[in-house]
Amino acid sequence: MKPAVIIVGADKGGVGKTTVTRTLLDYFAAHSVLTRAFDTEAPRGTLKRFHPMTTEIVDMTAVSDQMRIIDTLNTAEVKLSVIDVRAGLLSTTLVALRDMGFLDAVKERQFTLGVFHILGASISSLDEIAETSGFVGDASYYLVKNHVNETSFFDWDPAIYKAYFKKIKDAVEVTVPKLNEMAFEQIELAGVSFSSFAANKRANNDPANYSFVLRGYVRNWLSHVFAEYDRIGLINNLVGQAIAA
Amino acid sequence: MKQRTFVYVACSSRRRAGTTLLARLLFDFLSIDDPTLTAFDTNVYEPTLSERLGGAAVGVDLATTIGQVTLFDRLILADQAPKVVDLWQRHFALFFSLIHEIGFVEELRRQAVELIILFLADADLASFEAIRNLRNGFPALTFVPVINEATARTAAVAGDARERLLAQFRYNIRIPALDPVLSLLIDGPGFSFSQFMRDYPGERSLSGQTTLYAWIRGIFNQFRDLHLRMTLHDLGRTLKKRPTGRAR
C-alpha cells in the first residue's frame with residue numbers, strides 16, 4: 001500500500017485549478033476512493049467550500065503545514081492526498097518537495113506522485129511546462145487544457161506547443177471540456193460539488209431544487225471529464241497502489 | 001395508476017410545414033378539457049403562436065440557456081397539466097440534441113411524463129427517413145407523423161407510398177386541405193378553433209361554417225382518438241407488468 005499524492009497547480013491564476021481539483025475529488029468519490037484534500041488558498045479556502053468534509057486549508061509555504069501533509073502520508077488512514085496549489089506556487093511547492101526529499105522518496109517508489117499542471121491560454125504557460133518538467137521526472141505528469149472558463153488557447157502555436165510537449169518524457173495531455181456558464185455559476189452559488197449538483201442535492205445531502213437543464217449539463221460534462229480520467233488510467237496508474245489495501 | 005402528463009411537440013425539419021397551425025389546433029383542442037395547459041413558442045423572431053393565442057404562449061429562445069431552462073424545467077414537471085410546444089424549424093436539430101445532452105428522455109421515464117413528437121412530414125422518403133432516424137435515436141418517445149394536406153409537396157406525392165410509410169407508425173394525424181378563404185379566416189386575428197366550435201353555428205355563411213366545423217371536428221376527433229389510444233396502450237403495458245397469479 002503506497003500513499004499517493006496528486007498536486008494540481010499552475011503558476012498562472014484563473015486557469016481553473018480548483019475546478020479541476022473538484023472534478024478529481026468527484027471522480028475518486030464516484031470510484032469509492034477515499035481521498036483527503038488540501039486547499040492552499042489560506043486562509044479563505046475555495047476548495048473547502050465545495051468539499052468541506054474532505055478538505056483542510058493549509059499554507060504550503062509554512063513548514064508546519066508541509067509536515068501536516070507529507071509527514072502523515074504513511075500514517076493517515078486515507079492514502080490518497082490531493083493538493084490544490086494556489087496560483088503562482090506550483091514551482092515553489094515542487095522546490096519545497098524536492099528540498100525536503102519527497103521527490104527522492106518518489107524516485108525510490110515510497111510514494112506515488114502525480115502533477116496536474118493546468119495550462120493557461122498564454123505562451124507563458126508553455127514556459128511553465130519547461131520549468132515544471134525539471135521536477136517531475138519520477139512523477140506522472142499531466143498537462144491539462146482546461147476549457148471550463150472558455151480558454152481557447154488561441155495564442156498557442158501548435159508547433160511550439162508540440163516542441164515543448166516532446167521535451168517532457170511521458171507527459172500526458174488531458175482536456176477538460178467547457179461547462180455551460182450558467183450551470184457553472186449556479187454551482188458556485190450553491191457551493192456544492194459537481195456530483196451533488198447533478199444529483200440535485202444540497203451540501204448536507206438534502207434534496208435540492210436545481211434546474212433540471214443545468215443539472216443535465218453538469219451530468220453530461222462530468223461524464224466527459226470522467227471519461228478523460230478513465231482514458232489516462234487515473235485509478236490504475238496513479239492511485240491503484242494507494243487503494244490496493 | 002399515476003396519471004401521466006402529456007407534452008406535445010409540433011415540429012418539422014422543413015420550413016412552412018404548418019407547425020404553428022398544428023400547435024394552435026392542439027392548444028385549442030386541449031383547452032376545451034383542461035384550462036391549465038401551457039403553450040411554448042420557440043420562435044422568438046416571429047412568435048406567431050404567441051400572437052395567435054393572444055400572448056398565452058410562453059416565448060423561449062432555445063439558443064440560450066435561460067430559454068432552455070424555461071422550457072425543459074417546465075416540460076419535465078409531472079403536474080398533469082398538458083403542454084404544447086411549437087418548435088421553430090431552425091431549432092429542430094438543437095431541440096433533439098439538447099434532450100439527448102441533458103438526459104431529458106431518461107428523466108421522462110422517471111417522471112410520469114409522456115413526450116409526443118408530432119412530426120409534420122411530407123410524404124416523400126426523405127421526410128419519413130428523418131422521422132424514422134429520430135425514432136431510432138429516441139425509442140422511448142412517441143412519434144406521430146402528421147400529414148398536412150394543405151402543403152403542395154404532400155399533395156403531389158403518390159398516395160400508395162405515403163400509406164406504406166404511415167403504416168410503419170402506431171399513430172398518425174391528417175390535416176386535410178382547407179379552402180383558401182377559410183384558411184384566411186382561421187389565420188385572422190383572434191380566431192380560436194375551440195371558440196368557433198362553441199359558437200357554431202354563428203353569423204357567417206352557413207356553407208363556409210359547416211365546412212370549417214367539419215374540418216376542425218375531424219382534426220379534434222383524431223386528437224381525441226390519439227389520446228385515447230395512447231392511454232389504452234399505456235394501460236395495456238401496465239396490466240402486462242402486473243403479476244397475474246395469486247400468492248399462495
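Contact is taken here to mean heavy atoms within 4.5 Å. By this criterion, in a model that is predicted, the contact between the two chains takes 10 residues from chain A and 13 residues from chain B. Chain A and chain B bury about 1,000 Å² between them, and 63% of this area lies on carbon and sulfur atoms. On the side of chain A, A:Phe212, A:Val213 and A:Tyr217 supply 57% of the area buried against chain B, more than any other three residues. The count of salt bridges between chain A and chain B is zero.

In chain A, seven strands form an open sheet with parallel pairing, in the order β3-β2-β4-β1-β5-β6-β7. Its edge strands are β3 (55-57) and β7 (172-176), each of which pairs on one side only. From one strand to the next, the twist of this sheet averages 20°.

The axes of α10(A) and helix α8 (residues 181-190) of chain A come within 9 Å and cross at roughly 100°. Angles of 65 to 115 degrees count as roughly perpendicular, and α8(A) and α10(A) are therefore roughly perpendicular to each other. From α8(A), A:Met182, A:Ala183, A:Gln186 and A:Ile187 meet A:Leu214, A:Tyr217 and A:Val218 in α10(A). The residues of this contact divide into six nonpolar, one polar and no charged. One of the residues from α10(A), A:Tyr217, is also among the three that supply 57% of the area that chain A buries against chain B.

Nine nonpolar, one polar and two charged residues make up the contact of α1(A) with α10(A).

Chain B likewise contains an open sheet of seven strands, with the order β3-β2-β4-β1-β5-β6-β7 and parallel pairing. The edge strands of chain B are β3 (57-59) and β7 (173-175), each pairing on one side only. The twist averages 25° from one strand to the next. Within this sheet, strand β5 (residues 113-120) and strand β6 (residues 142-148) of chain B pair in the parallel sense over five bridges, with B:Leu118 opposite B:Val144 in β6(B). Helix α1 (residues 19-33) of chain B packs on the sheet, touching β1 (5-11), β2 (38-41), β4 (83-86), β5, β6 and β7 of chain B, and the direction of this helix makes about 170° with that of β4(B). Helix α3 (residues 65-75) of chain B packs on the sheet as well, touching β1, β2, β3, β4 and β5 of chain B; the direction of α3(B) makes about 150° with that of β2(B).

Methods: Residues numbered from 1 in each chain as written. Chains lettered and ligands numbered in written order. Predicted model: local features only at pLDDT ≥ 70, side-chain atom pairs only at ≥ 80, totals over all residues. Heavy atoms only, no water. Pairing = 2+ DSSP bridges. Helix = DSSP H or I, 4+ residues; strand = E, 2+ residues; numbered from the N terminus. Axes fitted to C-alpha atoms, helices over the stretch in contact; angles between N-to-C directions. Parallel < 35°, antiparallel > 145°, perpendicular 65-115°, else oblique. Nonpolar A, V, L, I, M, F, W, Y, C, P; charged D, E, K, R; others polar. Buried area = accessible area lost by both parts, 1.4 Å probe. Salt bridge = Lys/Arg side-chain N within 4 Å of Asp/Glu carboxyl O.
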